[in-house]
Amino acid sequence: MGLTMPDDPPVVLERTVAVADEAATRQLAAALAAVLPRPCLVTLEGDLGAGKTTFVKGVAAAVGIDPDTVISPTFGLIHEHSLTPGGPRLVHADMYRLAGLEELVETGWDDACSGEPWVFVEWPERIAAALPAERIELLITIDAPERRTFTFRGKGAAQAAAVQGIGGESPAPGPE
Ligand SMILES: Nc1ncnc2c1ncn2[C@@H]1O[C@H](COP(=O)(O)OP(=O)(O)O)[C@@H](O)[C@H]1O
Ligand SMILES: [Mg+2]
């Protein structure tokens, strides 16, 4: 346990879900999409190949956005998706190549976050100081070639309620 930041929101709820294959990851993403409030920011952490982008594809597909358009950005670090022009937005950011927080303004981050979007951020540690306190943190661990464990942490009342809505189990206590 680290120090509690004074601005930490009071409500925190954590759940873990184990999935057996990529199809199950996409189902889990659809389950989140079904309960995710707007606006909401979701951070995704996990090693390369854990399934961060695959999970965002699953969220996109669940709301009718072509998942093939959700790709790791090559030009620009932020991609915005919507089913209809001007419709509800899904923002996908991958901050892996962001050199420093001072570069964030050039990526269009502020505009992307305005309104009521869903914002999914890969490599959020690159922009930790710019993240809202109320968010959903998702940690993906690779257990086997196709097996993953997803740990969702909802911070804030609406975010915690969404995590509860996914189901799953309370995480096992860590090693003594
Ligand atoms: N259960 C699973 N969930 C997500 N991806 C999986 C799973 N099993 C295998 N994979 C594979 O792992 C890779 C995940 O890639 P990607 O989503 O781009 O990861 P990241 O964005 O975390 O680097 C894909 O090649 C995918 O097919
Ligand atoms: Mg990725």
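Biologist: Which residue is the bridge partner of Leu44 in β5?

Modeller: In this predicted model, the partner is Glu122. Local features need pLDDT of at least 70 and side-chain atom pairs pLDDT 80 or more, whereas totals for chains, interfaces and linings use all residues. Residues are numbered from 1 along each chain as its sequence is written, with chains lettered from A and ligands numbered from 1 in the order in which they are written.

Biologist: What makes strand β2 and strand β5 a pair?

Modeller: Pairing requires that DSSP find at least two bridges between the strands. The strands themselves are DSSP runs of E with at least two residues, while helices are runs of H or I with at least four, both numbered from the N terminus.

Biologist: In which sense do β3 and β4 pair, and what joins them?

Modeller: β3 (residues 78-82) and β4 (residues 89-94) pair in the antiparallel sense over 5 bridges, with Ser82 opposite Arg89. They form a hairpin with 6 residues between them, and Gly86 in the turn has a positive phi of about 80°.

Biologist: What makes β1 and β3 edge strands?

Modeller: The open sheet of 7 strands runs β1-β7-β6-β2-β5-β4-β3, with mixed pairing. Both β1 (12-19) and β3 pair on one side only.

Biologist: Why are α1 and α4 called oblique?

Modeller: Their axes, lines fitted to C-alpha atoms over the stretch in contact, are compared by N-to-C direction on a scale from 0 to 180 degrees. Helix α1 (residues 22-35) and helix α4 (residues 157-166) pack at about 135°, with their axes 9 Å apart. Roughly parallel needs an angle under 35 degrees, roughly antiparallel over 145, and roughly perpendicular 65 to 115; the rest are oblique. The two helices are therefore oblique to each other.

Biologist: Which residues make the contact between α1 and α4?

Modeller: Ala31, Leu32 and Val35 of α1 meet Ala162, Gly165 and Ile166 of α4, contact meaning C-beta atoms, placed from the backbone, within 7 Å. These residues divide into 5 nonpolar, 1 polar and no charged. Nonpolar covers Ala, Val, Leu, Ile, Met, Phe, Trp, Tyr, Cys and Pro; charged covers Asp, Glu, Lys and Arg; the others, Gly among them, are polar.

Biologist: How many residues surround ligand 1, and how is that decided?

Modeller: A residue qualifies if its C-beta atom, placed from the backbone, lies within 6 Å. There are 15, the closest being Thr25, Gly51, Lys52, Thr53 and Thr54. They divide into 3 nonpolar, 6 polar and 6 charged. The largest share, 3 residues, comes from α2.

Technical notes
Two residues are in contact if their C-beta atoms, placed from the backbone, lie within 7 Å.
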